[in-house]
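Hello,

Here is the structure I promised to send over. Have a look at it first, and my notes on what turned up follow below.

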Amino acid sequence: MSPPLVSIVDVRKKFGDFQALDGVSLDVQAGEVLCIIGASGSGKTTLLRCVNQLVTIDSGAIWVDGALTGWRIEGTRLHALPEKEIARQRLATGMVFQRFNLFPHMTALENIIEGPVQVQGRNRAEAVREAEALLARVGLADKAGAYPANLSGGQQQRVAIARALAMKPRLMLFDEPTSALDPELVGEVLAVMKELAASGMTMIVVTHELGFAREVADRVVFMDRGAIVESGPAAEVLGNPREARLKAFLSAVIA
């Protein structure tokens, strides 16, 4: 088996007295779709933000695409990377948040090309062509000139997904991408994510959408109190849970 695209080793993170992550270890293979479930405050979002270096870990290590994130090894010593180098590492991952975070003064197309042109220095005409293709991919070919205020929540989230894909990441992180949507708009975002999964994109998805996890995930991880309590194939974790804490969580979610 080839080395994992993501390797998380004994990661710990505290916020004051609150232990957000308590010795989390996890590997994700290239092309794998991993769904993380658990109650609010269980550490799911913190773990994603650590992978994307939006939160600095207290101890442990995270490798993404073969690179140790946040640090440079010289001999037997570790040296913290400067912010510019961290920003460069961060380009390996695309992240889609609960809130869409689109620039309100830019059209859908302008939002998508901002990163490729301004951050990666790519040719604007090429970026526009790719953005138009991405808008078509997420079902919004006719919304290139629309501003966020004129788009539904589901449409804004699909633009946010296209914007993340425009940076050509190796890994996509989704932090409960449907939680801020009205129920009737959830399906359109999940459909885009299903297409991404089918295309072979490596994805780590924090979600309460158990149907999506059951259908799309290669593996499901259940977190509680900052730790991984149970992990395995989606059908086993969701259909035949072993741990009492997971059984209680599933009962509460399904009820």
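Strand E1 (residues 6-15) and strand E2 (residues 18-28) run antiparallel and are joined by eight bridges. Strands here are DSSP runs of E with at least two residues, helices are runs of H or I with at least four, and both are numbered from the N terminus; two strands pair if DSSP finds at least two bridges between them. Lys-14 has Gln-19 in E2 as its bridge partner. Two residues lie between E1 and E2 in this hairpin, and Gly-16 in the turn has a positive phi of about 65°.

E1 is also joined to strand E4 (residues 59-64), again antiparallel, by five bridges. Ile-8 stands opposite Ile-62 of E4 in that pairing.

A word on the source: this is a predicted model, where local features need pLDDT of at least 70 and side-chain atom pairs pLDDT 80 or more, while totals for chains, interfaces and linings use all residues. Residues are numbered from 1 along each chain as its sequence is written, and side-chain values use heavy atoms, without hydrogens and water.

Now the helices. H4 (residues 124-137) and H5 (residues 153-166) pack at an angle of about 140°, with axes 9 Å apart (axes are lines fitted to C-alpha atoms over the stretch in contact, and angles run from 0 to 180 degrees between N-to-C directions). From H4, Leu-134, Leu-135 and Arg-137 meet Val-159, Ala-162, Leu-165 and Ala-166 of H5, contact meaning heavy atoms within 4.5 Å.

Best wishes
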